There are 2 protein chains.
Amino acid sequence: MANSVDTLLIPGPIILSEAVQKALDVPSLGHTSPEFISVFQRVLQNTRTVFNSAATSKSQPFVLAGSGTLGWDLFASNFLLSGAPNRNVLVVSTGTFSDRFADCLRNYGAQVDVVGPTKIGESVPQELIAEKLVHKKYGAVTVTHVDTSTAVLSDLKAVSQLIKDISPETFFVVDAVCSIGCEEFKFDDWGVDFALTASQKAIGAPAGLSISLCSSRFMDYALNDRENGQVHGYFSSLRRWAPIMQGYEAGKGAYFATPPVQLINSLDVALREILDEGLTKRWDLHREMSDWFKDSLVNGLQLTSVSRYPSSMSAHGLTAVYVADPPSVIAFLKSHGVVIAGGIHKDIGPKYIRIGHMGVTACNKSLPYVKNCFDLIKLALQRKK
Amino acid sequence: MANSVDTLLIPGPIILSEAVQKALDVPSLGHTSPEFISVFQRVLQNTRTVFNSAATSKSQPFVLAGSGTLGWDLFASNFLLSGAPNRNVLVVSTGTFSDRFADCLRNYGAQVDVVGPTKIGESVPQELIAEKLVHKKYGAVTVTHVDTSTAVLSDLKAVSQLIKDISPETFFVVDAVCSIGCEEFKFDDWGVDFALTASQKAIGAPAGLSISLCSSRFMDYALNDRENGQVHGYFSSLRRWAPIMQGYEAGKGAYFATPPVQLINSLDVALREILDEGLTKRWDLHREMSDWFKDSLVNGLQLTSVSRYPSSMSAHGLTAVYVADPPSVIAFLKSHGVVIAGGIHKDIGPKYIRIGHMGVTACNKSLPYVKNCFDLIKLALQRKK
């Protein structure tokens, strides 16, 4: 049994709060027992709230055994139906994970155009997105809110406005894996049609859950098999899952696949911790920690942030910075019990490090983890001189 | 937080051993940390062993966030490639779960023939299967080792022999969800090409993991994109997962999707408990408990087993018996803190109850759960008279 005492500061999985971790250590529950139904009902309701969507919007949450990667399949397989009217997808790419979403979409038969930034570490200029939208009719536009490979934050509100102005029929799809819980997110206000995240990032739950929210507009499309055809996929079929999720939210057990009862019990605690503190407060706490950390690295140690800093293009749940010798910095921190991540972007991977500061690490001010991490990075760099 | 004190005797999720449950309550691990790699490496090796396959056979295990249902997709999407040479599948059906596997296969474009038993509760006569194999060339035959809807046990060895004799090119596919860990299972000896299970049944781990094993013959087919075409699916693509699983088994971290680190840590303990006791011993313990329970119900209380009893057609991890008024029996047991399940077969669903006796419930003789359950069923039935 692995029980590492290292301080985990990678951009997910993240350190859990004590209560979230304890909520895993429960006996198995029957998946249609009243006890589990009431937990799952609350989880579905709170998922909608954490995405900043009102129950009146009729948005549909999906909480499944899986991961962020499965969330791409959920959108792709339910958008690219056998009779899909428009298979063109514009992928707004700010890094590796945007490109993988494109890869997944192509796999299901999408015609994908990718629009990228002028420079790695920047978000994609609005005028480039607008130009694409003007010249071709896209069935969907995907934006990675925070690309975990570069720590670039995209301006969802601006893209939302472009879609509304130029091509309101286009589905607005957001990979919110590294954003829900740590970045301002407004599902309803921004007219998002499909947003996907995972349990092990800023939501602060254990890895193993794919968490998505669909607009009623996207549900109407995805469930319309007469007009839009069949789904390629079974486990990923929203048609199969919708009655299950609706059943549990209405307080009734239903079965398509056995839900991971312990993980969902733990997610329940994580979501309530976020909502008890308040979404806005939570975003503020992540912003404060992120600003302090980036400022210390950029201004204090004269490091260069991969995501442009200071600017509105930097994420608040993780930091990516160039260092001269990433493996030695990572190894030095590991030797002091702190685990951070290396770079993974295809063009700059070996040149930078990534540090996650999500969930309790950012929000519980009594935890010294990020401060200690900064001190260790400073030491590691001094040692090298 | 739900923390039911009921005794859970449904056919999965099952009661966990103390050590398996405790193994959930660990801090998040980095998914490419040496600590997690060594856990996952052992899990993959032990998975192969629990399916009774030797490392020398080059069979390939896959342990993913998901469920038994995802296992059907794993086979279907990687068998029904865009250029699949033979889309005919023979589904040997002994209940609801066999039929759902058929449903999943059709979803991916298979031409499915279903062959069923003469009577609900029996396995499918060998001569009916042989007749089908003689008259049509099938790309794959699927058998549900134990159909959890009826508690019918299929004779895999006999089907294996039929395939070898009549159509050795045909892939032999086994839904082993309710069998691995509690029924004799010989992946290599029986020439199984794809077997799928889930964590929450007789393996005795928490729900949330899809666990499969592929023969090297099936891997050769599935990975051959030049001849057999593309995969419909991304998260379910064995081509994407194979290098990841091979990496972890070789002691190297790799990434396609974030693995559920706590669940895998818990599965590690569950697999080791099985192997420490010994596979054969484990099967014997399940058989003993099952025989005692079925005998007590059938001979002691004059109830009729859904799966023919005594016969070789009855499963050893669960029992399905007809009772006059299932809801009242289920409610009576629930009022005494014991949770059992109702029937789910489309033709006889409202007429029977199902009781799971897998994992510690069957193997730890100091636990009185199944005995107590019998006493309560007896009381419930006496009360009704």
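Start in chain B: select B:Pro13, which sits in the loop between strand E1 (7-8) and helix H1 (18-22) of chain B. Helices (H or I, at least four residues) and strands (E, at least two) are DSSP runs, numbered from the N terminus. Now look at the peptide bond coming in from B:Gly12: this bond to B:Pro13 is cis, with omega near -5°.

A word on what is loaded: this is a predicted model, where local features need pLDDT of at least 70, side-chain atom pairs count only at pLDDT 80 or more, and totals for chains, interfaces and linings use all residues. Residues are numbered from 1 along each chain as its sequence is written, chains are lettered from A and ligands numbered from 1 in the order in which they are written, and side-chain values use heavy atoms, with hydrogens and water left out.

**Over to chain A**

Pick A:Gly12 and A:Pro13 and you'll find a cis peptide bond there too, with omega about -5°. A:Pro13 belongs to the loop between strand E1 (7-8) and H1 of chain A.

How can chain A be laid on chain B? A turn of 180° and a shift of 0.0 Å along the axis do it, with an RMSD of 0.0 Å. That is the relation of a two-fold axis; the copies are superposed by least squares on the C-alpha atoms of residues with pLDDT of at least 70 in both. The same surface serves both copies, as 98% of the contact residues of chain A recur in chain B.

**The A/B interface**

Colour the contact residues next: 63 residues of chain A are in contact with 62 residues of chain B, contact meaning heavy atoms within 4.5 Å. About 5,200 Å² is buried between chain A and chain B, and carbon and sulfur atoms give 57% of that area. Buried area here is the accessible area (1.4 Å probe) that two parts lose on being put together, summed over both.

Show side chains and zoom in on A:Lys22 and B:Asp25, which form a salt bridge (2.7 Å, N to O). The rule finds 6 salt bridges across the interface of chain A and chain B, taking a side-chain nitrogen of Lys or Arg within 4 Å of a carboxyl oxygen of Asp or Glu. There are also 24 residue pairs in polar contact between chain A and chain B (both at pLDDT 80 or more). A polar contact is a pair of N or O atoms within 3.5 Å; within protein, one must be able to donate a hydrogen and the other to accept it, and residues adjacent in sequence count only if both atoms are side-chain atoms.

Which elements give two or more residues to the side of chain A that touches chain B? Select helix H1 (18-22), helix H2 (34-50), helix H3 (68-79), helix H4 (96-107) and helix H10 (261-277) of chain A. H10(A) provides the largest share of that side, 7 residues. By class, the side of chain A that touches chain B has 33 nonpolar, 18 polar and 12 charged residues. Ala, Val, Leu, Ile, Met, Phe, Trp, Tyr, Cys and Pro count as nonpolar, Asp, Glu, Lys and Arg as charged, and the others, Gly among them, as polar.

**Inside chain A: two domains**

Between domain 1 of chain A and domain 2 of chain A, about 2,500 Å² is buried, with carbon and sulfur atoms giving 60%. On the domain 1 side of chain A, pick A:Leu279, A:Trp283 and A:Met313: they lose the most area to domain 2 of chain A, together 25% of what that side buries.

For the salt bridge, go to A:Glu122 and A:Arg308, whose side chains meet at 2.4 Å, N to O. The rule finds 1 salt bridge across this interface of domain 1 of chain A and domain 2 of chain A.

**Two last stops**

Select A:Asp193 and A:Arg217, a salt bridge of 2.8 Å, N to O. A:Asp193 is in the loop between strand E8 (171-175) and strand E9 (194-198) of chain A, while A:Arg217 is in helix H7 (residues 216-223) of chain A, 24 residues apart.

Finish on A:Ala151, in the loop between strand E6 (146-147) and strand E7 (152-153) of chain A. Phi of A:Ala151 is near 65°, a positive value in a residue other than glycine.
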